[in-house]
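Have a go at each one before you read its solution.

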Amino acid sequence: MPVQKQFTAREIERVMRMYKTHAGAAKALGVSTPTLKRRIEEHRRRPALQCRFYSSAQAAEILGVDIKTIYRYLRSGEFPNAHKRADGSAKAWKIPETDLLSMPDAPTIAAVIELLKGEIPVITSG
């Protein structure tokens, strides 16, 4: 029995954007069109992973910078997936963990996040 290839949702999305049709994407991935459609549907049905978000103050603590630097990063687009909360509270910005980990010192930042996991309350999407 042949082993079926496994693809992540991100890989399927990338190939779908390149080929724009199920048939073209399936051929590029080396699977049949019905198999590709089934895998896309499986990925859609999976519950979204809980993405961790941090306020601007929390991000400043994690990165070890002043909060003004965080606001400068927000204005310059260093955190492309950050967004403001609808309620307009003092902690208005939600900065995803993925944006923090895309910074140049990512290994150090990941270690700091691990150390602070129990101390910093996170904002979950949902």
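**Exercise 1: the whole chain**

Among contacts in the protein chain between residues at least 6 apart in sequence, what percentage join residues at least 24 apart?

Solution. A quick note before we start: this is a predicted model, where local features need pLDDT of at least 70, side-chain atom pairs count only at pLDDT 80 or more, and totals for chains, interfaces and linings use all residues. Residues are numbered from 1 along each chain as its sequence is written, and side-chain values use heavy atoms, with hydrogens and water left out.

- Step 1: a contact means heavy atoms within 4.5 Å.
- Step 2: of the contacts between residues at least 6 apart, 53% join residues at least 24 apart.
- Step 3: for the layout, the protein chain has seven helices and four strands (DSSP runs numbered from the N terminus: helices are H or I with at least four residues, strands are E with at least two).
- Step 4: along the sequence, they come in the pattern α-α-α-β-α-α-β-β-α-α-β.
- Step 5: 33% of the 126 residues are buried (buried is under 20% relative accessible area, exposed over 50%, partly exposed in between, with a 1.4 Å probe and protein chains only).

**Exercise 2: one face of a helix**

Find out which residues of helix H5 are buried, and what they pack against.

Solution. 

- Step 1: H5 covers residues 67-76, and its buried residues are Thr69, Ile70 and Leu74.
- Step 2: looking down the axis of H5, these buried residues fall within an arc of 145 degrees, so they line one face of the helix (the arc is that of the directions from the helix axis to the C-beta atoms).
- Step 3: the face turned away from that buried side carries exposed Lys68, Arg75 and Ser76.
- Step 4: the buried residues of H5 pack against H4 and strand E3 (93-96).
- Step 5: now look at Ser56, which sits in helix H4 (residues 56-63) and is buried at 4% relative accessibility.
- Step 6: beyond its neighbours within four places in sequence, Ser56 touches Ile67, Ile70, Tyr71, Trp93 and Ile95.

**Exercise 3: the aromatic pair**

Which two residues form the aromatic pair, and how are they arranged?

Solution. 

- Step 1: rings of Phe, Tyr and Trp (its six-membered ring) pair if their centres lie within 6.5 Å; planes under 30 degrees apart are stacked, over 60 edge-to-face, and the rest tilted.
- Step 2: the structure holds one such pair.
- Step 3: Tyr73 and Phe79 are edge-to-face, 5.7 Å centre to centre with 90 degrees between the planes.
- Step 4: Tyr73 is partly exposed at 22% relative accessibility, while Phe79 is buried at 3%.
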